[in-house]
Amino acid sequence: MWPTRPGETVGAFRAVVLIALGTALLALSAKVSLPLPYVPMTLQTLVVLMIGAAYGWRLGSATMIAYLAEGAVGLPVFAGPVGGIAPLVGPTAGYLFGFIGAAFVTGWLAERGWDRSVALLFAAMAVGHIVILATGFGWLACGLGLGAAKAWQVGIVPFIAASLVKNALGATLMPAARRLLDRR
């Protein structure tokens with residue numbers, strides 16, 4: 001995403017800037033929201049997966065942790081706009097914590113070349129979406145006690161088509177962004 005230069009100070013500054021940029025994009029993407037009964041549909045998963053693919057697993061995961069910390073201290077970064085602990089223990093908690101795993105796995109796969117073709121990047125992002133949906137499902141079913149059938153109906157089914165569209169969008173945008181940045 002941003003060329004590295006030798007030196008720890010430059011590397012740390014680069015990481016801080018990229019994390020701040022990533023959390024700002026996540027907060028903006030949370031504001032594009034379609035309210036649904038338990039969990040709103042936002043553009044956050046697209047941004048999470050693109051950050052993972054662009055930043056790699058370490059910086060991508062760190063960005064997600066920073067985003068959750070910003071929300072936990074009360075910054076209005078979550079869908080709504082809300083901040084505080086409530087989203088981290090309510091219906092959205094599983095999805096929000098799934099962002100860390102999704103950025104990790106998507107970044108890990110991207111670092112192994114899965115970001116070099118649209119088809120492989122689509123697959124890497126699909127794995128990331130599965131991580132988000134699985135943690136969201138698990139939290140709704142067990143953490144909130146909705147049960148598997150209800151959690152499936154409200155926490156997975158409404159998001160399947162949107163996840164496929166976001167994967168396609170992300171998998172086509174990332175190579176285009178890389179080509180644009182490589183020209184500079």
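Author: A salt bridge here is a side-chain nitrogen of Lys or Arg within 4 Å of a carboxyl oxygen of Asp or Glu. This is a predicted model, in which local features need pLDDT of at least 70, side-chain atom pairs count only at pLDDT 80 or more, and totals for chains, interfaces and linings use all residues. Residues are numbered from 1 along each chain as its sequence is written, and side-chain values use heavy atoms, with hydrogens and water left out.

Reader: How many salt bridges does that rule give?

Author: The count is 2. Arg-116 pairs with Asp-115, their closest N and O atoms being 3.5 Å apart. Glu-111 and Arg-112 form a salt bridge through their side chains, at 3.8 Å from N to O.

Reader: Is Asp-115 buried or exposed?

Author: Asp-115 is buried, with 4% relative accessibility, whereas Arg-116 is exposed at 61%. Buried means under 20% relative accessible area, exposed over 50%, and partly exposed in between (1.4 Å probe, protein chains only).

Reader: And Glu-111?

Author: Glu-111 is partly exposed at 40%, and Arg-112 is partly exposed at 45%.

Reader: Turning to pockets, what is the volume of the second largest pocket?

Author: That pocket has a volume of about 280 Å³, a volume being the space filled by probe spheres set on grid points joined across faces, edges and corners. Of its 21 lining residues, Val-39, Pro-40, Thr-42, Gln-44 and Tyr-95 are the closest to the centre. A pocket is an open set of points on a 1 Å grid over the protein atoms alone, where a 1.4 Å probe fits, with protein on both sides within 12 Å along at least five of seven lines; lining residues have an atom within 4 Å of a point.
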